[in-house]
Amino acid sequence: MIVDKANAALDSVYGADTPESLAQAYAAWAATYDSETASLGYLLPFLIIAWVARYVPPDEGPLLDAGCGTGLSGPSLKALGYRDIAGLDLSDDMLRIAGSRNAYGELKQAMLGGPLPWPDGHFRAFFSTGVFTISHAPASGLHDLVRITKKGGHAIFTVRDQVFESGGFQAVFDELERAGKWRLAEQSPWFRCYAIAEPDALVKTFVFEVL
């Protein structure tokens with residue numbers, strides 16, 4: 001059953017204990033990722049577009065889809081007039097699928113938490129969904145994402161409830177605020193990642209203005 005396969009794949013990525021094992025888990029999942037996450041009612045790659053559209057007008061500069069996976073967000077943003085979108089992901093297999101969507105002008109393999117291959121202030125905004133979650137990117141990855149976002153730009157991303165406290169996200173938020181790097185513009189209530197399955201899997205969307 002497709003839902004059972006999707007749940008097994010989720011267990012595999014959430015159980016990864018190194019970047020290498022996480023990349024391997026996504027390589028194994030890439031070909032069926034879209035259909036299996038759809039069977040769970042996965043909302044985030046489509047819902048994040050509402051926050052992007054609220055804060056980032058089209059044609060104000062490049063956007064970064066940080067942890068783009070198979071590129072589910074790209075075509076919807078392109079349909080709304082966003083023509084300059086880059087993507088990064090740790091999985092080459094996922095990036096190949098993202099590239100087939102013809103929505104991304106640039107795709108690079110990189111791991112959040114390490115140095116990113118763009119100069120300071122390169123992007124008008126970055127957005128990220130499903131990446132700051134169990135066994136995935138650390139909160140410290142926000143530092144370099146903010147570095148490559150221009151002043152006056154926006155950081156738009158979700159954080160899973162299970163890692164918000166244990167992963168030290170509030171501490172990183174506060175550190176960046178004290179350093180004058182960003183200020184909070186909006187945070188959503190906690191809401192479900194999946195419309196059909198996993199009713200206890202909750203995330204919150206955060207929007208910060210980069211200073």
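## Overall make-up

The model is predicted. Its chain has 211 residues, and 50% of them count as buried. The secondary structure consists of nine helices and eight strands.

Among contacts in the chain with a separation of 6 or more, 72% are between residues 24 or more positions apart.

In α9, the buried residues are F169, V172, F173 and L176. Because these residues cover an arc of only 105° around the axis, they sit on the same side of α9. An α-helix has 3.6 residues a turn, so residues three or four places apart point the same way. The cover over the buried residues of α9 includes the strands β4 (123–132), β5, β6 (182–187) and β8 (202–210), together with α7 and α8 (161–164).

Helix α6 spans residues 92–99, and M94, L95 and A98 are buried in this helix. The arc they cover around the axis is only 100°, so they too lie on the same side of their helix, α6.

## Aromatic pairs

A pair of aromatic rings is described by the distance of the centres and the angle of the planes. Across the whole structure, the search gives 20 aromatic pairs. One of the pairs joins W51 and F191: the ring centres are 6.1 Å apart and the planes are at 25°, an angle under the 30 degrees cut-off, so the pair counts as stacked. W51 belongs to helix α4 (residues 44–55) and F191 to strand β7 (residues 191–192), so this pair ties together parts that are 140 residues apart in sequence. Both W51 and F191 are buried.

Ring pairs also link a cluster made of F126, F132, F157, F164, F169, F173, W182, W190, F206 and F208. Two members of this cluster, F169 and F173, are among the buried residues of α9.

## The largest pocket

Rolling a probe the size of a water molecule over the atoms shows where empty space is left. The volume of the largest pocket is about 230 Å³. Its lining is made up of 14 residues, and those nearest the centre are V146, R147, K151, K181 and L211. Two or more lining residues come from each of α7 (141–147), β5 (149–160) and α9 (169–178).

Sorted by class, the lining of the largest pocket holds six charged, five nonpolar and three polar residues.

Terms used. Residues are numbered from 1 along each chain as its sequence is written. This is a predicted model: local features need pLDDT of at least 70, side-chain atom pairs count only at pLDDT 80 or more; totals for chains, interfaces and linings use all residues. Side-chain values use heavy atoms; hydrogens and water are left out. On a 1 Å grid over the protein atoms alone, a cavity is a set of points where a 1.4 Å probe fits but cannot get out, and a pocket is an open set with protein on both sides within 12 Å along at least five of seven lines; lining residues have an atom within 4 Å of a point. Grid points are joined across faces, edges and corners, and a volume is the space filled by probe spheres set on the points. Helices (H or I, at least four residues) and strands (E, at least two) are DSSP runs, numbered from the N terminus. Ala, Val, Leu, Ile, Met, Phe, Trp, Tyr, Cys and Pro count as nonpolar, Asp, Glu, Lys and Arg as charged, and the others, Gly among them, as polar. Rings of Phe, Tyr and Trp (its six-membered ring) pair if their centres lie within 6.5 Å; planes under 30 degrees apart count as stacked, over 60 as edge-to-face and the rest as tilted. Buried means under 20% relative accessible area, exposed over 50%, partly exposed in between (1.4 Å probe, protein chains only). The arc is that of the directions from the helix axis to the C-beta atoms. Contact means heavy atoms within 4.5 Å.
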